[in-house]
Amino acid sequence: MLGKILANSVKRELHKLSERYIYVFAMILIPISVLLLLTSLMEEGLPLHIPTAVVDLDNTVETRAIVRNLKSSPEVEITHKVSDYAEAVQLMKEGKIYGFFVIPYDFTRDAMSGKSVQVSYYTNSTFYIPGSLLYKSLKTTSTLTSAAVVSTYLINAGATERQVQALLQPVKLQTNQLSNPWTHYSVYVSNSFVPCALALMILLVTSFSICSEEKRGTSREWLAASRGSMLFALAGKLLPHTVIFSAVGLFIQAYMFGFLHYPLNCDLWIMILAMVIFVVANQAVAVFICGILPNLRWALSISCLYGMLSFSIGAFSFPLEQMYGGIAIFSYVIPSRYYFLIYADQALNGFPLYYSRFYFVALLAFLFLPFLVMKRLKKAQNNPVYVP
Amino acid sequence: MKIAGKFINDVFRTVHNEFLLAMKDKGVMIFLFIVPLLYPLVYALIYNPELDRDVPVAVVDRSRSTKSRDLCRRIDASEAAMVAGYAADMEEAKRFMAEKKCYGIVLVDKDFDRNIGRGEPGQVTLYCDMSLLIRYKSLLMALTEATMDLGSDIRVEEVARLGADAPSIPATVGSAYFPLGNPEQGFATFLLPGIVILVVQQTMLLAICMMGGAGYERRRRNGGVDPLDTVGSGTVPRLFGKALVYLSLYILQLFYLIYFVPAIFSYPQMGNLWEEFLMCLPYMLGVVFMGLTLQLFSRERESVFLVIVFTSVPLLFLSGVLWPTFGMNGFLRFLGGCFPSTWAMQAFVRMNANGATLSDVSHEFYMLWLLVIMYFFMAFIGNKISAYRRHVKVRS
């Protein structure tokens, strides 16, 4: 009996979904195009060959060796050799280079005579990623330059090779980037941004689908299809969405973990489970929004606000502990945040499942939200009002 | 003369009509006024702390010597990192990490002190969580500074120990680093100038497409005729009139976005305000005509949410402000180039942060005008086609 009611409701929704192209766009094409776009945009992992200029004011054999050193690092591509600082700054303003390296006049002579000399490097840090990368690379070169000059000087002055070694680098630092040794940007960005984009589409489609019933005056018929039960009406409406969105979500995972071989250091089933719960949690949030504001425009506006701010408050790029407390607190009510934490713990770092238990509980807790507004939603469906 | 008169008359009629329609529509007003006013503020507040300070690390000190403790003190004292605790071994440190008590592990080698005493390099290893790259950046910076500082102190000791036999150490080659355009290397300073420009395009497109959807709904209800539309005006004056309405409705918000938001949060403002305004003119025109093209596909007021909102994320990436354009393949660069926001963001960011003049961003400026022309023709042709279709439909 109950099964029949549900089937009836599901059938009605399938009919609705197939009536309009926009659902195909919003549910399938948009999330997948975001996936393909982001992963292909950053397929190289790091933006290598950053256009850089050199201002070599000394131009001796030694300084040319430094320039060759610069060229040899994979991040740097010397595109311009200019004769003064102003010219380099001009190139930067025109967007042709992202940084430059300056070797001062009489560099070689002063260095060899033991005077204090200085090289300087500039990056256009308003472009964050190439700026930071270039900084790292230019810093390495300047350190190496310093080492080369000093050791030449010391050996000339009669020091032994061993003494020179110890004097140059008394403390050696080695860095191990756990699970992402390539510092691959797409691994870092796509794993959080693509599911968050999926969440945005789930919120919008769910709100659109529920509140459209009110707009088009079909909400009573919708309730009637499940014999007046709001719960069954919602279940019937959202079940087909759940299936489609989960399939898209799993495709995203399959593409990233399977096809692109992004790190997956846990059991695959954990991530699959997380994705399905994540989809349902987002649907529950959208139902809650529709229940509070049973008006198509408002429900969509709030879903849109919520979905877009998730990208920032979810703290996928800027850490939560640095944000102001009044803002950071909102991260607790964002499903994407929990999915991201599960991903980081499980797929990326491969920690035991025990440490992620609360994130799963939190995602599941979202499922209670619709029950809080069930009555209000039913009332709105019985008396549909459309305010444009 | 008569033609010119009708043209001007048509423009004014469209302006009058479109202006009233927009002002009466609450949804459109939200997009045109509330969103551009509040969104940048919210974003700026989220990222306002700018830097990732005091990232917690756990220390596994196998050396337990004066030198290793000195190193830990230096790490703790740095701006970017702090020592959250000491672990007995790597297993315990890993547990700290799983419990989110730290995001990095510093392992000091057992022979750290002895090696340094012997005149060999002492080994320090950093294991870093990679879920957020900004944390990795902070930790790397803190550790590099701490080891280098300790290194130079050791060097002084070493020289003193070698005594009179030691060669006089030359002043080593110094290096100076100048991050231009974003001296603090802050997150908000880099992200927000791009966002404020993107907001212009996204809100305008949403508003214009919502107007289009509303018009379509009116036509559907009234047998293919929009009762609130102007009658008998030509396509070109209609497009000009509409563009005029949206430009004038948005002028204050633009001023707020490109001048006040950076001023409130004291981001670099190196550019000339009027040149920035001038750069935004083709940008806004391009966006309006793009909107007037996309408007034709809009069948419902609210469906714009479903197809336009999400584009903000891909467009932010395609703009080249996050990920540099030289690292993209040809197709993606072309795709990004089709949107006015890409060129305007590039131009504005360089003007605002690097003090580029309008002539320095001339390439972007020309591309923006090219897009204006392109989208104008697309809007023109699209409007002609849909008007013809409507005509056929109404007659039959």
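Residues are numbered from 1 along each chain as its sequence is written, and chains are lettered from A, as ligands are numbered from 1, in the order in which they are written. Because the model is predicted, local features need pLDDT of at least 70 and side-chain atom pairs count only at pLDDT 80 or more, while totals for chains, interfaces and linings use all residues; side-chain values use heavy atoms, with hydrogens and water left out.

**The domains**

Begin by colouring chain A by its domains, whose bounds come from an automatic or database domain assignment: domain 1 covers 2-43 + 184-382 and domain 2 covers 50-168. The C-alpha centres of these two domains of chain A are separated by 50 Å. In chain B, select 2-48 + 186-395 for domain 1 and 55-165 for domain 2, and the C-alpha centres of this pair lie 52 Å apart.

**The interface as a whole**

Next, select the residues of each chain that have heavy atoms within 4.5 Å of the other chain; this contact takes 119 residues from chain A and 113 residues from chain B. The two chains bury about 10,300 Å² between them, 67% of it on carbon and sulfur atoms, where buried area is the accessible area (1.4 Å probe) that two parts lose on being put together, summed over both. Show B:Val173, B:Leu306 and B:Trp323, which supply 8% of the area that chain B buries against chain A, more than any other three residues.

**Paired strands**

Turn to strand S4 (residues 118-124) of chain A and strand S5 (residues 174-180) of chain B, which run parallel and are joined by seven bridges; strands here are DSSP runs of E with at least two residues, helices are runs of H or I with at least four, both numbered from the N terminus, and two strands pair if DSSP finds at least two bridges between them. Within this pairing, A:Val119 stands opposite B:Ser175.

**Charged pairs around A:Lys215**

Now centre on A:Lys215, which forms a salt bridge (a side-chain nitrogen of Lys or Arg within 4 Å of a carboxyl oxygen of Asp or Glu) with B:Glu302, the closest N and O atoms being 2.9 Å apart. B:Glu300 also forms a salt bridge with A:Lys215, its closest N and O atoms being 3.1 Å apart. B:Glu300 lies in the loop between helix H9 (273-294) and helix H10 (303-308) of chain B, and A:Lys215 in helix H8 (residues 185-215) of chain A, so the pair joins two chains. The count between chain B and chain A is seven salt bridges.

**Helix H6 of chain B**

Finally, select helix H6 (residues 133-162) of chain B, which gives 18 residues, the largest share of the side of chain B that touches chain A. B:Lys137 is found in this helix and, not counting residues up to four places away in sequence, touches A:Tyr128, A:Ser132 and B:Gln185.
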